[in-house]
Amino acid sequence: KTNFFSKKTEEGKCNILKDFLDLAPHWMIMLVILLIHQLIVWLVPAPGCPAGYRGPGGLHDWSPERNFSDCIGGITGYIDKQFFGVAHIYGNPTAKTVYSASAFDPEGILGSLTTIFQVWLGYQAGYTLQVYSDSKPKVVGHWLIWSIITGGIGCLLCGGSQNGGWVPLNKNLWSLSFVMVTSCFAFILLTLLYVVIDMKNWWKGQPFFYAGMNSILLYCGHSVGYNLFPWHFIAGEMRTHAQLLPESLWGMTLWIFIAFVLYKKKVFVTV
């Protein structure tokens, strides 16, 4: 089946936008989902919290006259608490240690709406690859355009800052700015890998595709051993990115080596 927009591209008009126009009806649905999310986040207040509150609650911005201690995530956190119950959502959010905040699930119901939109952007990237499979430069051009669009929107929303702007970057809330900025980097990285691997044949993806051949095993192994030696070690207080990065890189290196050994032995675990 074709829609009005795809018929126009078949007639030779706007062929350069075929990958987008073919999915125009689906884009409308995705934008409606995004609009619903934004309207709820900005206009619907959680009990005892102001409309649009997206802070960590707890001791953040606390005063005798103003107490948002149970407002973590605003309406996003409230919906999860009402739907799942406090006992069934994540009890140790990042805001807990800093602000003594209550439970909050970064993968809750409302945050899933922006996650759906980000997945949709990934689908758009894949469809672009399918539509222009006979023209790799077109694929690269479209992905770069998407990186500019998403990056520009993200920069506008967060004001080009890490913690400021109208919509600050927030992974726990999966904020719209976070979706746009991370999608921008994803499009850029995808483009770079496509050029290096598929267009120029300079690299075949080693050693990372070894991990991909046993992704389930590595995921389960990491879930069990992430806090055990030799993957985990303590050097200093381990409270900064600079202290945590070497440990993370070391753990990743060990798992890639394990994946390489399994690949050579032709051992693959699937579900």
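Q: Which side chain meets Asp22 in a salt bridge?
A: Lys18, at 3.0 Å, N to O. A salt bridge here is a side-chain nitrogen of Lys or Arg within 4 Å of a carboxyl oxygen of Asp or Glu. This is a predicted model: local features need pLDDT of at least 70, side-chain atom pairs count only at pLDDT 80 or more, and totals for chains, interfaces and linings use all residues. Residues are numbered from 1 along each chain as its sequence is written, and side-chain values use heavy atoms, with hydrogens and water left out.

Q: Is Asp22 buried or exposed?
A: Buried, with a relative accessible area of 9%. Lys18 is partly exposed, at 22%. Buried means under 20% relative accessible area, exposed over 50%, partly exposed in between (1.4 Å probe, protein chains only).

Q: How many salt bridges in the whole structure?
A: Two. Asp70 also forms one with Lys81, the closest N and O atoms being 3.3 Å apart.

Q: What does the pair of Asp70 and Lys81 tie together?
A: Parts that are 11 residues apart in sequence, because Asp70 lies in the loop between α3 and α4 and Lys81 in helix α4. Helices are DSSP runs (H or I, at least four residues), numbered from the N terminus. Asp70 is exposed, at 54%. Lys81 is buried, at 13%.

Q: What else is buried in α4?
A: Helix α4 covers residues 75–84, and Ile75, Thr76, Gly77 and Asp80 are among its buried residues. Their cover includes α3 and α6 (111–131). Just after α4, Gly85 takes a positive phi of about 90°.

Q: Switching to voids. How many cavities of 30 Å³ or more?
A: One. The largest cavity holds about 100 Å³ of space. On a 1 Å grid over the protein atoms alone, a cavity is a set of points where a 1.4 Å probe fits but cannot get out; a pocket is an open set with protein on both sides within 12 Å along at least five of seven lines; lining residues have an atom within 4 Å of a point.

Q: Which helix gives the largest share of that cavity's lining?
A: α3, with four residues. The lining includes Trp42, Thr76 and Trp174. Trp42 is in helix α3 (residues 24–43), and is partly exposed at 32% relative accessibility.

Q: And the largest pocket, what volume?
A: About 1,600 Å³. It is lined by 33 residues, and Thr94, Ala95, Asn170, Lys171 and Asn172 lie nearest its centre.

Q: Which helix gives the most to the pocket lining?
A: α5, with five residues. α5 (94–99) and α11 (241–264) each supply at least two.

Definitions and conventions:
Contact means heavy atoms within 4.5 Å. Grid points are joined across faces, edges and corners, and a volume is the space filled by probe spheres set on the points.
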